[in-house]
Amino acid sequence: MSWQGRSGLALVYGAVLLAPLAWVLVTAMEPGAGEAFSRATGRADLAGELATSIFLALLTTLFAVLLGLPLALLLNLRRFPGRGLVRSLYLLPLLIPPHIHTIAWTRVIGDKGWLKLWLAERFAWSPDVRAAIGEPGTDALLGHLYPGPAWIMACAYFPLVVLAVGAGLRSLDSEGVDAARLLGGRRAALRRVILPQVAPRLLAGAAFVFILSLTTYPVVSLLDTPTLVHRVFSVMSQAQGSLATATMVGLPLVIVAGAVIFGLGRIESRTGLAQRAGVAPAKRRAGVGTLVAVVLLLALSAGVPLGSLVYVAGPLNLSGAGDPDFYQQVFPRVDEAFAESLLITGIAVLALLILSWPLGRALARARGALAESVSLGALAFPPEILGVALLLIWSEAAAGVVPVWFTLLVALGVALPALLRRPVRESLIAYGALAGSLFALGMFVVESGLAETVQKRGFALIVLAYLARFLPFTVRMLRTGFQALDKDEEDAARLCGHGAVSRAINVVGPRMAGAVAGAAVMGYVLCFTELPATLHTIRPGWQSIQMRIFNMVHYQQIEEVCALCVMVVGMATIPVIVLVMLMRRRWDIL
Amino acid sequence: MSERLHIASLGVTLGGHRVLDGVELNLDAGAYGVVLGPSGAGKSTMLRAIAGLVDASGTIAIGDSVVLGPGICVPPEARGVGFLFQGLALWPHMTVEGHLRYSLKGARVPVAEQANRIRETLEPLGIADLAERRPSELSGGERQRLALARALVARPRLVLLDEPTSSVDPATAADVQDLLADLNRNFGSTILHVTHDQREALALADTVFVMDDGAILQAGSPDDVYERPASATVARFIGAGGLLPATLVGDGEADTPLGHVHVDPAGLAGAVWLLLRPQHLGVAPVGEGVPAQVSRVRYRGGRYAVRVTVGEWPLELRLDERPAMDQPLRIRVVRPPRAVAIRRDS
């Protein structure tokens, strides 16, 4: 990567990610911070909670691999009727926010779940499932293994393993696999050739699951699992707790996740993931066993949570939440939250795409573990810590200075690589056009009254939180798109005499359309379903739709919750279905 | 419009490795130059440096305009070069006509003139009736022609061809070679073509540049380079044959493992290498020549290419009949005047 590219990358990440962290560290080291830390944490067993967090994340990763690896192998090495549909369906769990997964699963296997009720009714057997699901109220051995929260998080995140392994399988050299099959048979080819080659991808997917489950708050909150993330939140909720103290409590998680990310970066740079282009091995016709396995995996991961939501809020329950009148009563109470959640999601997606384009491009041309690790850096932050850090940096005292400073840094970071590149005239035209478009968009926002809403609700901070949290995902999707684009194609356009704008419109843009659409949908789904960072960055008096759902759970408004969950899942799913139908592209994002 | 190409002290460093070091090259306007060298010699990097696609030092001038020099670095889009990429780098979303139109638009050719230009370029290449197709709907040879058409349509000052026949079958490669020769004649473009195929180089070039290890080892006409290689490296790379150690003992006489041989001393004296092409050697009559051991026999359409060793020195000759692998042969120099002396310091 050129030094211009490196400096641009550093500036953007510095502004979005490192500056909040530095701000937190500086604040945490202020006089009296140690005392405040002792006061806030009291007799809490922080080491034990860290161990629980790590154990839970490892167990989640194990479950996710057990679910994801077979499904990836079946989807990519076998052909069966409805394979295309399954390829879209397996993404569903990723579109359901973790708190909705938790709500749905506790409706099925929780202490008051249908399974227990059915067992009691049918067999007069009422097992204590609190330990298994991780609900509080038991100290049985199973309660310390937390299989329930781990399973729920695994169901939410296992599609990441399928995506990563699937991309690895598609990049295999089919002739190499055929050679292995000829020499050693099908099983030996899988064991000795296919699995070793996709192992780095599997590790990458597993690392993503580990990091996300290490830092996910809603599941452990709803199930009251004593993890460090939970502690961070409770410290913030205490009267004597402070934002800086909460951040200090969560720093070990940042360190653990950071170490995993650095390891992942090294693996990716060494193995050159995503830079290979292969021809996927030929798929064998699947037998009945394969079909049963696929259906079981999908039913377990996506069917149960969706089924339980639809059971409560769908047409089967017409006397309750399934009644269309019920929706007509619920929706007016949340329509404003819905609309504003969509607005903020739209702004965040636009910002994600604008920032991800140059970063993805720079990363596609870069090599080295550091660049890979930095690109993933934001994932190391638990969303709560991120929210806290952004609150700190955006505090009232700094409000007048920080937005300007931040905007300048980001603008400079994005513009610098192009501005320093020759010819300057082309770059100026490109950035002039960009600035003009942004100005026109800004005028529209101001004139339409959106600006006032954005200002009143403090949306800027939430957008920033979404940027910091989800930039790694969209950057990686665009990076993959840029890697798939042969650099010679762009050079050929350049040698034809075309400048940056013409190349972007005529050559790079059409070739990147799939990646951009994929990144936009991914950004939309992630932002629309985000909860923990929103919880900490939102201004009092406003709630996103996810927050409304989360709060309703605490008020036991289960039918309303399920109805809203169905609507949220539907809204998250529609663009994905449209994208899959329109593009029919592979989601090689990891 | 064709221009002269002048390169002096061209250097490129990639990833800390000096890929090109002090390259000197001159190609006349309208001439067809071929850079010949083994894989990894730096040929493609040199083309990219000329096009401005990699950072380079030194001087590059196309015609009267310096595109690289002290304080000067003209961006690729302003250098006015056509480039045929080894991987073709076609745009999958554009039709054949779309490729050419986009190229003409970049060169600011008036719209009214574009249709004519496209027809004039596609017709000699034989793909005029494929104008509405996309690259995925073309055969390998047709894609190659499309890439060539894109490089030529804007009438660039200089055309750079990176291994233009490496990705097609031998029959198509021969067609493409004919096409390149015709294009050079018809369009009069200055062409610099890189390849590792010596037959292609010798067949097409006005000037051959032999390159290895990031430097030009020799430049000259195909005859010159073949008949009078400037070093043992060039001699080993160009054409078949072998090198024998020899000592020049008098005017046009050398002592060699094959005995006394008449040579062209090329102004040298003392210990030299003697280059013997297959046509210089033949089977000796009984009682003459020196013993040689057959180590390899290859059929070459009517004749056999026979690799033999004389002592420790490998040589090659052509025979009408296949010799047995373990058959002892006696060979001799049959056309001594064509042997060339090369300095023994390499």
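This is a predicted model: local features need pLDDT of at least 70, side-chain atom pairs count only at pLDDT 80 or more; totals for chains, interfaces and linings use all residues.
Trainee: How many helices and strands does chain A have?

Mentor: Secondary structure is counted as runs along the chain, and here chain A has 26 helices and 2 strands.

Trainee: Which residues touch the most other members of the largest nonpolar core?

Mentor: A nonpolar core joins buried residues of nonpolar kinds through their C-beta atoms; the largest one here holds 244 residues, and A:Val161, A:Ile211 and A:Cys565 touch the most other members. Helix α9 of chain A, residues 147-170, supplies the largest share of this core, with 17 residues.

Trainee: Which residues does A:Ile211 touch, not counting residues up to four places away in sequence?

Mentor: With those sequence neighbours set aside, A:Ile211 touches A:Ala257, A:Val260 and A:Ile261, and also A:Leu379 and A:Ala380.

Trainee: How many residues does the contact take from chain B and from chain A?

Mentor: The contact takes 17 residues from chain A and 18 residues from chain B. On the side of chain B that touches chain A, the elements giving two or more residues are β7 (81-84) and α2 (96-106) of chain B, and α2(B) gives the most, with 3 residues. That side of chain B divides into 13 nonpolar, 4 polar and 1 charged residues.

Note on methods. Residues are numbered from 1 along each chain as its sequence is written. Chains are lettered from A and ligands numbered from 1 in the order in which they are written. Helices (H or I, at least four residues) and strands (E, at least two) are DSSP runs, numbered from the N terminus. A nonpolar core is a set of buried Ala, Val, Leu, Ile, Met, Phe, Trp, Tyr and Cys residues joined through C-beta atoms within 7 Å. A residue is buried if 20 or more other C-beta atoms lie within 10 Å of its own, exposed if 12 or fewer, and partly exposed in between; C-beta atoms are placed from the backbone. Two residues are in contact if their C-beta atoms, placed from the backbone, lie within 7 Å. Ala, Val, Leu, Ile, Met, Phe, Trp, Tyr, Cys and Pro count as nonpolar, Asp, Glu, Lys and Arg as charged, and the others, Gly among them, as polar.
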